[in-house]
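Welcome! Take a moment to look over the sequence and the fold before reading on.

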Amino acid sequence: MISSCPICNIQVLTVELEQHASSHFEDDDQLQRGMELAHQIALAESNTDIVNGPEHCTGSFTSDSNAQGASSSHSGYPHHYAEVLDEQISCLVGAQIRSKFQEVQGGIMNLLKSCLESEGGSSESKISGYIDHHQSLPSEDKGWGCGWRNIQMLSSHLLKQSTEAREVLFGGSGFVPDIPSLQRWLEIAWDKNFDTIGSSHFHDKIYGAKKWIGTTECATLLRSFGLRARIVDFDSTESSSLQSKKGKCAANRAQGPMDKFLIKNNPPKSSSELCREDAESMRGQQVLVDWIWNYFASGCSDRFATPRVTISNKTPLYFQHQGHSRTIVGIQKKKGRGSQDQYTLLILDPGHRTADLERTLRSKKGWQCLVKRGVHTLRKPQYQLCYVDSGIANSEEMEQLKTIDSILVRF
């Protein structure tokens, strides 16, 4: 069988494709990655069940104007290193595989909007626009892939709602890649010197690894395409290096992948300590939901509003806490007793089956158990959010985005 080299387009025997493609990578570290990726291409070309359509075999990256975001800003690199990096990107643009997910007819957010509008009582909701639900699969990523699935959900929103994001994300492919392809894109971001501290945690390699990731890796991956991904830390612990008044914001370097959320063996706590933590948790809950409400509300306009539901132009929120991560797609507010408003987060969980979400939303029965999360469930001492501001960074801003920092909100 004859195959085309994804780098130079020369026709070679399929059995020789791996060795030929690897010859384009001269240093040892890049050579190893190239051999692995060339092997993936050879498998993909010989198995039509893996690659579904010509979009997976696009032309050279350097000749694709829609893919410039993926290779932008090689300034400061040696010429040879920049060439190797561009060859890797070119290879990945053609080899990446579209993520498989269950499409919901009419859109999952339209179904959610309809459910929110049909509820009784007095309520007001702010929700994001289009998003696809990507669920964790037992055969692929159950127990470790929630972070990658949240990246896929956030990416599906960006690709649908933002033309400028669509042009730069994943080499302009226009689709959400599978987890192995996302792992390759993250490695390339590290090769571009995005989040050098975080990459060292993984020894600069994550392809094929079943490891947890967090908001830091989400921001790193998206920033490498020029997107303005931001992180917000909500922290009530004494371990925070910056002291400030409760509810105030301060600049802070983002922690590495899941560093803040690793379970530690702590001694049993007294009843007084538990009561104090409950009080702090209640304050933290309010700080968090106030921020989320203001975030979605700041992107709303009357143009997309109904009496009960308003569509925000803000991106969904990657929502990280100890042991798990989910995607916040909106927030609901109801008038409680007295003057206190009651807030409910609207969440898509990668641990839920898409079929269950669609069935309950379409029937308007039982969907609340899957989507709604009351403030009382926010019992963790630390949370992180990742979102994406509009616009594409220029070369100067790209250099600043390589350092993954965050806004710290103490409570």
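A residue is called buried when its relative accessible area is under 20%, exposed when it is over 50%, and partly exposed in between. Please keep in mind that this is a predicted model.

**Two loop residues**

With those cut-offs, H203 counts as exposed because its relative accessibility is 63%. H203 sits in the loop between helix 9 (196-201) and helix 10. K364 belongs to another kind of entry in the table below: its place is the loop between helix 12 (354-363) and helix 13 (367-371). With a relative accessible area of 39%, K364 is partly exposed. H203 has a positive phi although it is not a glycine, and for K364, also not a glycine, phi is positive too.

| Residue | Phi | Relative accessible area |
|---|---|---|
| H203 | about 55 degrees | 63% |
| K364 | about 60 degrees | 39% |

**The nonpolar cores**

Now for the inside. The largest nonpolar core has 37 residues, and W148, L169, W185, L221 and L222 touch the most other members. Several elements give two or more residues to this core, among them helix 4 (79-95), helix 6 (146-161), helix 10 (215-223) and strand 12 (382-392). Helix 8 gives the most, with 6 residues. There is also a second, separate core of 22 residues, including F234, V289, L317 and I347.

**Helix 8 against helix 10**

How do helix 8 and helix 10 pack, and at what angle? Their axes are 9 Å apart and form an angle of about 75 degrees, which makes the two helices roughly perpendicular. On the helix 8 side, L182, W185, L186, A189 and W190 take part, and they meet E217, T220 and L221 of helix 10.

Is helix 10 itself largely enclosed or open? Of its 9 residues, 9 are buried, so helix 10 is largely enclosed by the rest of the structure. The buried residues include T215, E217 and R223, as well as C218 and A219.

**A serine in helix 8**

Helix 8 also holds S181, which counts as buried because its relative accessibility is 1%. A polar atom of the S181 side chain lies 3.1 Å from the backbone nitrogen of I97. Beyond its neighbours within four places in sequence, S181 is in contact with L92, Q96 and I97.

Technical notes. Residues numbered from 1 in each chain as written. Predicted model: local features only at pLDDT ≥ 70, side-chain atom pairs only at ≥ 80, totals over all residues. Heavy atoms only, no water. Core = buried A, V, L, I, M, F, W, Y, C linked by side-chain atoms within 4.5 Å. Buried < 20%, exposed > 50% of the residue type's maximum accessible area, 1.4 Å probe, protein only. Helix = DSSP H or I, 4+ residues; strand = E, 2+ residues; numbered from the N terminus. Axes fitted to C-alpha atoms, helices over the stretch in contact; angles between N-to-C directions. Parallel < 35°, antiparallel > 145°, perpendicular 65-115°, else oblique. Contact = heavy atoms within 4.5 Å. Polar contact = N/O pair within 3.5 Å; in protein donor to acceptor, adjacent residues only side chain to side chain.
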